[in-house]
Amino acid sequence: MRKKCNRKVWSTQINPIAHAMAGAAITDESSLNKLRLGELSALEAMRMGKGTLEDWRLLVDMLNITQTFIRYGIGPEAREDCNKAQESLYNAAKRYEKTKRMGLDGQGITALQNVHEWHDLQRTSVARSVYEDMIEKTRNYIRSKGSEVVEI
């Protein structure tokens, strides 16, 4: 039996130039607004003491992506707020295990609001492809049990 070359056929429905331009552009405003709305509503729920595990997970993901940006030199000024937010989210998870109520203390709320602002600055200052790359690097870092990751 002879070897056979299986050629990959790309769909002609995708315009490669438009695809490249979308990856090089900064994320569009409507997509960013959806992300912001989810993050801010999760933060508000945590502030009111009515947070869910999904709210906690969303905030942890935001924090982890912000820390990945910092590791790659984008927005290192956010490190202090990230450390405070990480400690607060960890304490909120421990408190949830005991009381089944999810909430944050005042210092944690302030730190997470600051982290949200830092994260928003980071993702709006890079191309969409770089942002997606940072998300992928965060995912890989979590899989490798990185030391700065918040996960329970």
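Colleague: Which helices do the buried residues of α4 pack against?
Modeller: This is a predicted model. In α4, the buried residues include D81, C82, A85 and L89. The helices that the buried residues of α4 pack against are α2, α3 and α5.

Colleague: What distance separates the end C-alpha atoms of α4, and what span should its 21 residues have?
Modeller: At 1.5 Å a residue, α4 should span 30 Å. The value from the model agrees with this, because the end C-alpha atoms of α4 are also separated by 30 Å.

Colleague: How many residues apart in sequence are the parts that the pair of F69 and Y131 ties together?
Modeller: F69 and Y131 are stacked, with 6.1 Å centre to centre and 15° between the planes. F69 belongs to helix α3 and Y131 to helix α6 (residues 128-143), so the parts tied together are apart in sequence by 62 residues.

Colleague: Is Y131 buried or exposed, and what is its relative accessible area?
Modeller: Buried means under 20% relative accessible area. Y131 falls under that cut-off and is therefore buried, its relative accessible area being 7%.

Colleague: Which ring does the charged end of R71 sit over?
Modeller: The charged end of R71 is 3.8 Å from the centre of the ring in question. That ring belongs to Y141.

How values were computed:
Residues numbered from 1 in each chain as written. Predicted model: local features only at pLDDT ≥ 70, side-chain atom pairs only at ≥ 80, totals over all residues. Heavy atoms only, no water. Helix = DSSP H or I, 4+ residues; strand = E, 2+ residues; numbered from the N terminus. Expected span 1.5 Å × (residues − 1). Buried < 20%, exposed > 50% of the residue type's maximum accessible area, 1.4 Å probe, protein only. Contact = heavy atoms within 4.5 Å. Phe/Tyr/Trp six-rings, centres within 6.5 Å; stacked < 30°, edge-to-face > 60°. Lys NZ or Arg CZ within 6 Å of the ring centre and 35° of its normal.
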